[in-house]
Amino acid sequence: MPTRVHEFDWPDRVVVGTIGPPGARTFYLQVRAGNQTVSIAMEKQQSALLAEKIDEILDQLLTIDGNPHSVPTSTPIELVDNDQLEAVQEQFRTGAMSLGWDPTTAQVVIEAYPISDVDAGNGDEPLDEDDADVPEMLLVRMPVGTARAFAKRTREVVGAGRPACPLCGYPVDADGHVCTLPEA
């Protein structure tokens, strides 16, 4: 069965955003080109790692003599996107992701695949071809400036959650936390 590919070669917008209050947020990678918008759910850790790895790729490209790909060292001001997510219709929940660099177009490439039955721990049950949904994936190609802006925004979105406990490092809820400061 052929895979349905949601492909964006030069997206108008590509961002990570959230829905819900800190502690109960759902993270989405949202991509738009023209009137086509795709939103896929992600884990907070996936979002953070994606931003980190994009910056690593871009920083490595900066070390090439003459910076032939015109990689910006910081986010170009005209590419800053602090707007909310557009209407979200979740296409799928992300399982595996891959990240790469296409030197022919000077673009960062993200591939995202849905959580499979194996990922979800249901690998013992055979797939019934009649009931199986069409497999799908998201393929996004971003120019270097857009990728730098994407990584910056994603780090900010991830960091906007609950503060970390200075003792254990776990998030502190608004109604309290299990750690207590030691008595003096």
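**Note on the predicted model**

1. Confidence. The protein chain has a mean pLDDT of 87, and 88% of its residues reach 70 or more. This is a predicted model, and one stretch in it calls for caution. Over residues 122-131 pLDDT stays under 50. For that stretch the model has five contacts beyond four places in sequence.

2. Sheet. Seven strands make up an open sheet with mixed pairing, in the order E1-E7-E6-E5-E4-E3-E2. At the edges are strand E1 (4-8) and strand E2 (13-19), each of which pairs on one side only. Direction ignored, neighbouring strands of the sheet are turned by 30° against each other on average.

3. E3 and E4. Strand E4 (residues 36-42) pairs with E3 in the antiparallel sense, over seven bridges. Ala33 has Gln36 in E4 as its bridge partner.

4. Helices on the sheet. H1 packs on the sheet and touches E2, E3, E4, E5, E6 and E7. The direction of H1 makes about 15° with that of E5. Helix H2 (residues 144-159) also packs on the sheet, where it touches E2, E3, E5, E6 and E7. The direction of H2 makes about 5° with that of E2.

5. E5 and E6. Seven bridges join strand E5 (residues 90-102) to strand E6 (residues 107-114), and the pairing is antiparallel.

6. E6 and E7. Which strand pairs with E6 over six bridges? It is strand E7 (residues 136-143), again in the antiparallel sense. Leu138 in E7 is the bridge partner of Ala112.

7. Second largest pocket. The volume of this pocket is about 300 Å³. It is lined by 18 residues, of which Gly23, Arg25, Phe27, Lys44 and Arg162 are the closest to its centre. Strand E3 (26-33) and helix H1 (44-62) are the elements that give two or more residues to the lining.

8. Points to check in the viewer. Helix H1 connects two of the topics above: H1 packs on the sheet, and H1 also contributes to the lining of the second largest pocket. Residues 122-131 should be read with their pLDDT of under 50 in mind.

Key: Residues are numbered from 1 along each chain as its sequence is written. This is a predicted model: local features need pLDDT of at least 70, side-chain atom pairs count only at pLDDT 80 or more; totals for chains, interfaces and linings use all residues. Side-chain values use heavy atoms; hydrogens and water are left out. Two strands pair if DSSP finds at least two bridges between them. Helices (H or I, at least four residues) and strands (E, at least two) are DSSP runs, numbered from the N terminus. On a 1 Å grid over the protein atoms alone, a cavity is a set of points where a 1.4 Å probe fits but cannot get out, and a pocket is an open set with protein on both sides within 12 Å along at least five of seven lines; lining residues have an atom within 4 Å of a point. Grid points are joined across faces, edges and corners, and a volume is the space filled by probe spheres set on the points. Axes are lines fitted to C-alpha atoms, for helices over the stretch in contact, and angles run from 0 to 180 degrees between N-to-C directions. Contact means heavy atoms within 4.5 Å. pLDDT is the predictor's confidence in each residue, from 0 to 100.
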